[in-house]
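This report describes how one part of a protein model is packed. The sequence and structure are shown first.

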Amino acid sequence: MAKNFDPRKIRIHQSYEVGEVAEILGASEQTVRRWISNGLPVLSFKRPVLILGFELKQYLEDVQAKPKRNAALGAIMCMSCRKHQMPFGLLADYIPTSDTNGRLMTLCGTCESVCVRFTSKASLPALSTVLEITQMPRDEPNGTTQPPAKT
Ligand SMILES: [Zn+2]
């Protein structure tokens, strides 16, 4: 079982190199690099790789609160934050647009803007391990039910 690291040791307004993170948290650099490959955001993949304190803190809190869940899986692109964010309350609505595809609608967990992500129905079981997904009725072109056509 993975060891827990204390997110309170991280200062949110600071950015860290991999080695600094390892030292502060008492983790190995290998562990920190694994977090990055598992979805911990970094400023740049060029060296030195810089990790923002608040993202590291959020990542640790997310991962350690739900150790069996993949935090990056449910992330959704927020146009207001201009980056991937976890949905507010880990809640999402799935609105089918066809038999195989649909949209996930969520609120950004950071700024609460509405975020939309296109997804396939086939990916819902995996997403459901992270998000609480509500199945919505299929989207009608006008958003309303059409009255019967006159003939
Ligand atoms: Zn946002």
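V21 lies in helix 1; helices are DSSP runs of H or I of at least four residues, strands being E runs of at least two, and both are numbered from the N terminus. The model is a predicted one, in which local features need pLDDT of at least 70 and side-chain atom pairs count only at pLDDT 80 or more, while totals for chains, interfaces and linings use all residues. Residues are numbered from 1 along each chain as its sequence is written.

V21 is buried because 26 other C-beta atoms lie within 10 Å. A residue counts as buried with 20 or more other C-beta atoms within 10 Å of its own, as exposed with 12 or fewer, and as partly exposed in between, the C-beta atoms being placed from the backbone.

## Contacts of V21

Neighbours within four places in sequence aside, V21 is in contact with Y16, V32, I51 and L56. Contact here requires C-beta atoms, placed from the backbone, within 7 Å. V21 and I51 are 30 residues apart along the chain, and their C-alpha atoms are separated by 8.4 Å.

## The buried side of helix 1

The buried residues V18, V21 and L25 belong to helix 1. They lie on the same side of helix 1 because they cover an arc of only 65° around the axis, the arc being that of the directions from the helix axis to the C-beta atoms. After helix 1 comes G26, with a positive phi near 70°.

## Packing of helix 1 on helix 2

Helix 1 (residues 18–25) packs against helix 2 (residues 29–37) at an angle of about 115°, and their axes are 8 Å apart. Axes are lines fitted to C-alpha atoms, for helices over the stretch in contact, and angles run from 0 to 180 degrees between N-to-C directions.

On the side of helix 1, the contact involves V18, G19, V21 and A22, which meet E29, V32 and R33 of helix 2. By class, the residues of this contact are four nonpolar, one polar and two charged. Ala, Val, Leu, Ile, Met, Phe, Trp, Tyr, Cys and Pro count as nonpolar, Asp, Glu, Lys and Arg as charged, and the others, Gly among them, as polar.

## The nonpolar cores

The largest nonpolar core has 14 residues, of which V21, L40, I51, L56, Y59 and L60 touch the most other members. Such a core is a set of buried Ala, Val, Leu, Ile, Met, Phe, Trp, Tyr and Cys residues joined through C-beta atoms within 7 Å. At least two residues of this core come from each of helix 1, helix 2 and helix 3 (53–65). Helix 3 provides the largest share, four residues. Another core, of eleven residues, lies apart from this one and includes I76, L104, V130 and L131.

Terms used
Contact = placed C-beta atoms within 7 Å.
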